[in-house]
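Please keep the sequence and the coordinates at hand while reading.

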Amino acid sequence: MITKRTSPLDAIKFDARAGWKVSDLHQNANWRFSLDDTARDHLRNMIRSTFNQDRPFFDYTADEFDLGPARATIAAAINMAHHGLGIALLSGLPRRDVSEKEFELLNWAIGLHTGVARPQGIASQYISQVRDVGTDYRAKTGRGYSSNAKLDFHTDGCDLVTLACYNKAKSGGQSMISSSVSAWQALSDERPDLAEVAHHSAFFFSRQNEQADDEGPYYPQPLFDFEDGRLFAKWNRNRVRTAQQIAGVPPLTPAQVEVTDLLDDILSRPEIMFTMYLEPGDLQILNNHVMLHSRTDYIDHDAPEDKRLLSRLWLAPPDSVRLPESWGAYFRSTAPGTVRGGIRGQHYDERCLAFEQRQATHLGMTAPEGTAAT
């Protein structure tokens, strides 16, 4: 446990296991996991024999995917990201002789054993193809995963995110991850006055016009908060910027502007920001409450079959922790072990409800009111 030394934050105590620096990740590779040939061949055979191109992903169940000799390694990687350092990299997923959709289904299958998938956008999609389709990231409806632009540091709208690499870019597309725990420690040490602003004032985030019918176009949340001895972080400059264009959103105060500028500076410092290139067959796993991530811009290949392609899955795991009450405006539920988070979008229907109910029952989870039957 870390106790802050600087007043008025010296009463705050929190678990700092995820408060790593870049040198820590280089010196200790316990966050890296790899599948051997036996495990990889098993997954390849399993996914190719189970995949049906005419079958919706919602119709698959966890029992149909025997992870076999890969199970323990996958579980250890998930646990490291969720309850350890906040980050894990699993290498060696089968890529050779596996189609794009089969590889995507493999990510989905891992998710079925891990948690309840969460919707990710206006189309209420439960798994997203991360590829450049020409999206303007800076537009008021812009999303980074469908552009090739450099992204701001941000968190995804879920407890855990898995990102499976099928193809990498011709150049660029470097993944950047910073510990929000380490960022908070630096912020509170250097400018405790601004740390108070980040902790106690409301920042308004745009929903980028993807809100469900019962949601407003924006929501308030502090950048840092605490619950049960844990630190939680939220940041996305692009969404705070676009929220400023929405009627009813108060302008950022000078102190809020100052803290966001300092936070971005801290997140990009060489000792804080870890960089990596995801290779085909890699699965990156992040805990969004203690990690902030970004990506450089990239140049893609010319051939369609070679273009950068990853699949992204947002998950609510059964062993999740209690969130701060200030997280409730977005996550809907702050209770541990509940189906929470995600972007419901405009196509959240009975099929979505049925899938979530089945998964919640399978994993022994509680579904929040209005999401699935309890």
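His362 touches Ala62, Asp63 and Leu112, not counting residues up to four places away in sequence; a contact here means heavy atoms within 4.5 Å. His362 is in helix 10, where helices (H or I, at least four residues) and strands (E, at least two) are DSSP runs numbered from the N terminus. With a relative accessible area of 41%, His362 is partly exposed; buried means under 20% relative accessible area, exposed over 50%, and partly exposed in between, with a 1.4 Å probe and protein chains only. The C-alpha atoms of His362 and Thr61 are separated by 9.2 Å, although these residues are 301 apart along the chain.

The model is predicted: local features need pLDDT of at least 70, side-chain atom pairs count only at pLDDT 80 or more, and totals for chains, interfaces and linings use all residues. Residues are numbered from 1 along each chain as its sequence is written, and side-chain values use heavy atoms, with hydrogens and water left out.

Leu112, one of the residues touched by His362, lies in helix 4. Leu112 is buried, at a relative accessible area of 1%. Leaving aside residues up to four places away in sequence, Leu112 touches Tyr60, Thr61, Ala62, Phe65, Phe355, Gln359, His362 and Leu363.

How do helix 4 and helix 10 meet, and at what angle do their axes cross? The axes of helix 4 (residues 100-112) and helix 10 come within 11 Å and cross at roughly 50°; axes are lines fitted to C-alpha atoms, for helices over the stretch in contact, and angles run from 0 to 180 degrees between N-to-C directions. Helix 4 and helix 10 are therefore oblique to each other, given that angles under 35 degrees count as roughly parallel, over 145 as roughly antiparallel, 65 to 115 as roughly perpendicular and the rest as oblique. Helix 4 contributes Trp108, Gly111 and Leu112 to the contact, and helix 10 contributes Phe355, Gln359, His362 and Leu363. By class, four residues of this contact are nonpolar, three are polar and none is charged; Ala, Val, Leu, Ile, Met, Phe, Trp, Tyr, Cys and Pro count as nonpolar, Asp, Glu, Lys and Arg as charged, and the others, Gly among them, as polar.

Phe355 also belongs to a cluster in which ring pairs link Phe57, Phe58, Tyr60, Phe65, Trp108, Tyr126 and Phe355. Rings of Phe, Tyr and Trp (its six-membered ring) pair if their centres lie within 6.5 Å; planes under 30 degrees apart count as stacked, over 60 as edge-to-face and the rest as tilted. By this rule the count comes to 18 aromatic pairs. One of them, Phe58 with Phe355, is stacked, at 4.7 Å centre to centre and 10° between the planes. Phe58 lies in the loop between helix 2 (37-50) and helix 3 (71-83) and Phe355 in helix 10 (residues 350-363), so this pair ties together parts that are 297 residues apart in sequence. Both Phe58 and Phe355 are buried.

Tyr126 and Phe355 form an edge-to-face pair, with 5.7 Å between the centres and 85° between the planes. Because Tyr126 lies in the loop between strand 5 (116-117) and strand 6 (128-130) and Phe355 in helix 10, the pair ties together parts that are 229 residues apart in sequence. Tyr126 is buried, with a relative accessible area of 5%, and the value for Phe355 is 1%.

Another member of the cluster, Tyr60, has Arg55 over its face, at 4.2 Å from the ring centre. A charge sits over a ring if NZ of Lys or CZ of Arg is within 6 Å of the ring centre and within 35 degrees of the ring normal. Lys234 lies over the face of Phe205 in this sense, at 5.0 Å from the ring centre.

Asp97, in the loop between strand 4 (87-91) and helix 4, has a positive phi of about 60° although it is not a glycine. Asp97 is partly exposed, at 46% relative accessible area. Gln208, in the loop between strand 10 (203-206) and strand 11 (218-221), has a positive phi of about 55° and is not a glycine either. Gln208 is buried, at 1% relative accessibility.
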